[in-house]
Amino acid sequence: MALSFNVRSNSLPSRSHPQAAHVDEQLARLRSSEEASTSSISKRIDNLQELHESLDKLIRLPFTQQALAQVQNKKAVEQLLDGSLRILDYCNVSKDVLSQMKEGLIEIQSILRRKRGDLSVEVRKYLASRKSLKQTFPKIQKSLNVAREGETSLAVFGEAEAITVSLFDSLFSYMSGSKACGKWSVVSRLMSKKKVTAEAQVNEFTRVDSEFQSGKTLKIEDVQILVSCIEDLEDGVESLSKSLIKCRVSILNTLGH
């Protein structure tokens, strides 16, 4: 989907400050990896978490605090705070969805390992849950947008928000099965290189969905790969959420709230 936002890369006045320059470099790398689709979803989440940690340091600098406190930036700061709440909502939705899918997969994995239990019932429950979630994802994605009015000295934060929202669009597409995972770091760790080359062009969620729907003998290895991928995503989203909260608290502290 197309995300709408209007921000400038030129942001705070003190561009020569090392921390401002570092944030610019991180934004440039994130834009580059997003356009080239060369990074896995998990890696992009990790990079975004590092960006928001850097933004928190930037917020604590005197010239940033002065910009946040300026009357002419009041609306931009309000938009920034509203945007952070929306992104935290996306974090919570993502964590709930990932937890729900992992719970079903772990039950299936347990049955496959123990060779006891009603596997067909658990597979049907998982597929029914996946169907419901895939119907929900497009509705969530329609709400993903970033709007910024005019050009402000805080535009760097608007750009960071836009890139973060774009990441969640990719994440929901990935979980729905419509987007691959880039370099597939999880698969590389758990499968031989030869097998990765042959099979890693398919989204992990899609592969497991297809395997469950086919009625063929289920491979515990494929379930384990998806569980590991989900756990990587859970860890990444949780860390990102904590960094977003830190940034939000720093802004509120600056404003004396």
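Q: What does a side-chain oxygen of asparagine 203 reach at the start of H9?
A: That oxygen comes to within 2.7 Å of the backbone nitrogen of phenylalanine 205. Helices here are DSSP runs (H or I, at least four residues), numbered from the N terminus. The model is predicted, so local features need pLDDT of at least 70 and side-chain atom pairs count only at pLDDT 80 or more, while totals for chains, interfaces and linings use all residues. Residues are numbered from 1 along each chain as its sequence is written, and side-chain values use heavy atoms, with hydrogens and water left out.

Q: What follows H9?
A: Glycine 215 comes after H9, and its phi is positive, near 80°.

Q: Switching topic, where is glutamate 221 found?
A: Glutamate 221 sits in helix H10, which covers residues 220-255.

Q: Why does glutamate 221 count as partly exposed?
A: Because its relative accessibility is 48%, glutamate 221 falls in the partly exposed class.

Q: How many residues along the chain lie between the positions of glutamate 221 and glutamine 109, and what separates their C-alpha atoms?
A: Glutamate 221 and glutamine 109 are 112 residues apart along the chain, and their C-alpha atoms are separated by 9.1 Å.

Methods: Helices (H or I, at least four residues) and strands (E, at least two) are DSSP runs, numbered from the N terminus. Buried means under 20% relative accessible area, exposed over 50%, partly exposed in between (1.4 Å probe, protein chains only). A polar contact is a pair of N or O atoms within 3.5 Å; within protein, one must be able to donate a hydrogen and the other to accept it, and residues adjacent in sequence count only if both atoms are side-chain atoms.
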